[in-house]
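Biologist: I would like to go through this model one feature at a time. Please give the general idea where there is one, then the case at hand.

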Amino acid sequence: MSLGKFDRANFSYWKEQMHDYLIVKGQIDLVENATALSNIKPDEWTRKDRIMHGTIRMHLSDLVYY
(Lines give C-alpha, C1' and ligand atoms only; values in the text may rest on other atoms or scores of the structure.)
Protein backbone atom coordinates (compact mmCIF):
# COMPACT_ATOMS: atom_id res chain seq x y z
CA MET A 1 0.00 0.00 0.00
CA SER A 2 1.42 3.36 -0.99
CA LEU A 3 0.50 6.51 0.83
CA GLY A 4 1.68 9.97 -0.18
CA LYS A 5 3.03 12.50 2.24
CA PHE A 6 0.71 15.15 3.63
CA ASP A 7 1.73 18.53 2.23
CA ARG A 8 -1.17 20.78 3.35
CA ALA A 9 -2.82 20.56 -0.07
CA ASN A 10 -4.57 17.24 0.28
CA PHE A 11 -5.59 16.85 3.93
CA SER A 12 -9.06 15.31 3.44
CA TYR A 13 -7.75 12.71 1.02
CA TRP A 14 -4.59 12.06 3.05
CA LYS A 15 -6.59 11.70 6.28
CA GLU A 16 -8.82 8.99 4.80
CA GLN A 17 -5.82 7.22 3.29
CA MET A 18 -3.94 7.39 6.62
CA HIS A 19 -6.98 6.02 8.44
CA ASP A 20 -7.10 3.03 6.08
CA TYR A 21 -3.32 2.58 6.30
CA LEU A 22 -3.46 2.45 10.11
CA ILE A 23 -6.27 -0.13 9.90
CA VAL A 24 -4.12 -2.33 7.66
CA LYS A 25 -1.14 -1.92 10.00
CA GLY A 26 -3.26 -2.77 13.08
CA GLN A 27 -2.65 0.64 14.66
CA ILE A 28 -6.08 2.27 14.30
CA ASP A 29 -7.20 1.51 17.85
CA LEU A 30 -4.80 4.15 19.14
CA VAL A 31 -6.28 6.81 16.87
CA GLU A 32 -9.86 5.86 17.68
CA ASN A 33 -9.02 6.14 21.37
CA ALA A 34 -7.28 9.51 20.92
CA THR A 35 -8.93 11.05 23.98
CA ALA A 36 -7.24 8.58 26.30
CA LEU A 37 -3.99 8.89 24.36
CA SER A 38 -4.00 12.70 24.60
CA ASN A 39 -3.70 12.41 28.38
CA ILE A 40 -0.50 10.38 28.13
CA LYS A 41 2.83 12.19 28.09
CA PRO A 42 5.30 11.13 25.35
CA ASP A 43 7.69 9.65 27.93
CA GLU A 44 4.85 7.32 29.02
CA TRP A 45 3.99 6.06 25.51
CA THR A 46 4.08 2.34 24.93
CA ARG A 47 5.90 0.73 22.01
CA LYS A 48 2.60 0.58 20.09
CA ASP A 49 1.99 4.31 20.70
CA ARG A 50 5.45 5.12 19.37
CA ILE A 51 4.95 2.97 16.26
CA MET A 52 1.64 4.68 15.46
CA HIS A 53 3.11 8.18 15.92
CA GLY A 54 6.14 7.23 13.83
CA THR A 55 3.90 5.87 11.08
CA ILE A 56 2.01 9.15 10.88
CA ARG A 57 5.17 11.29 11.02
CA MET A 58 6.72 9.25 8.19
CA HIS A 59 3.83 10.38 6.00
CA LEU A 60 4.25 14.12 6.53
CA SER A 61 6.13 16.31 4.11
CA ASP A 62 9.20 18.11 5.50
CA LEU A 63 7.34 21.44 5.61
CA VAL A 64 4.46 20.00 7.63
CA TYR A 65 6.68 17.92 9.91
CA TYR A 66 8.60 20.94 11.14
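Biologist: In which helix is isoleucine 51 found?

Modeller: Isoleucine 51 is found in helix α4. Keep in mind that this is a predicted model.

Biologist: How should I read the span of helix α4?

Modeller: Compare the distance between the end C-alpha atoms with the value expected from the residue count. Helix α4 covers residues 47-58, which is 12 residues. From first C-alpha to last it reaches 16 Å, close to the 16 Å expected at 1.5 Å a residue.

Biologist: Which residues of α4 are buried?

Modeller: The general idea comes from the helical repeat. An α-helix has 3.6 residues a turn, so residues three or four places apart point the same way. In α4, the buried residues are Asp49, Met52, His53, Gly54 and Thr55.

Biologist: Why does threonine 55 count as buried?

Modeller: Threonine 55 counts as buried because its relative accessibility is 9%, and the cut-off is under 20%. This residue has its place in helix α4. Neighbours within four places in sequence aside, threonine 55 is in contact with Met18, Tyr21, Leu22 and Gln27.

Biologist: What would an exposed helix residue look like by contrast?

Modeller: Take leucine 63, which is found in helix α5, residues 62-65. Leucine 63 is exposed because its relative accessible area is 70%, and exposed means over 50%.

Biologist: How many helices and strands does the protein chain have?

Modeller: The protein chain has five helices and zero strands. Read from the N terminus, the order of elements is α-α-α-α-α. Along the principal axes, the C-alpha atoms fill a box of roughly 30 × 25 × 20 Å. Of the 66 residues in the chain, 29% are buried.

Biologist: And what share of the contacts join residues at least 24 apart?

Modeller: That share is 49%, counted among contacts between residues at least 6 apart in sequence.

Biologist: Now the aromatic rings. How many aromatic pairs does the structure hold?

Modeller: The structure holds three aromatic pairs. One of them joins phenylalanine 6 and phenylalanine 11. To read such a pair, look at the distance between ring centres and the angle between planes. Here the centres are 5.3 Å apart and the planes are at 65 degrees, which makes the pair edge-to-face. Ring pairs also link Phe6, Phe11 and Trp14 into a cluster.

Biologist: How do I read the largest pocket, and which residues line it?

Modeller: Rolling a probe the size of a water molecule over the atoms shows where empty space is left. In this model the largest pocket has a volume of about 180 Å³. Its lining consists of Phe11, Trp14, Lys15, Glu16, Met18, His19, Leu22, Val31 and Ile56. By class, these are six nonpolar, one polar and two charged residues.

Biologist: Which helix gives the most to that lining?

Modeller: Helix α1, residues 11-24, gives the most, with seven residues.

Biologist: Where does valine 31 lie, and what does it touch?

Modeller: Valine 31 lies in helix α2. Residues up to four places away in sequence aside, valine 31 touches Leu22 and Met52. Valine 31 is partly exposed because its relative accessible area is 32%. Its C-alpha atom is separated by 9.5 Å from that of aspartate 49, 18 residues apart along the chain.

Biologist: One last item, the backbone. What is the phi of arginine 8?

Modeller: Arginine 8 has a positive phi of about 80 degrees although it is not a glycine. Arginine 8 is found in the segment before α1, and counts as exposed because its relative accessibility is 62%.

Notes: Residues are numbered from 1 along each chain as its sequence is written. This is a predicted model: local features need pLDDT of at least 70, side-chain atom pairs count only at pLDDT 80 or more; totals for chains, interfaces and linings use all residues. Side-chain values use heavy atoms; hydrogens and water are left out. Helices (H or I, at least four residues) and strands (E, at least two) are DSSP runs, numbered from the N terminus. The expected span of a helix is 1.5 Å times one less than its number of residues. Buried means under 20% relative accessible area, exposed over 50%, partly exposed in between (1.4 Å probe, protein chains only). Contact means heavy atoms within 4.5 Å. Rings of Phe, Tyr and Trp (its six-membered ring) pair if their centres lie within 6.5 Å; planes under 30 degrees apart count as stacked, over 60 as edge-to-face and the rest as tilted. On a 1 Å grid over the protein atoms alone, a cavity is a set of points where a 1.4 Å probe fits but cannot get out, and a pocket is an open set with protein on both sides within 12 Å along at least five of seven lines; lining residues have an atom within 4 Å of a point. Grid points are joined across faces, edges and corners, and a volume is the space filled by probe spheres set on the points. Ala, Val, Leu, Ile, Met, Phe, Trp, Tyr, Cys and Pro count as nonpolar, Asp, Glu, Lys and Arg as charged, and the others, Gly among them, as polar.
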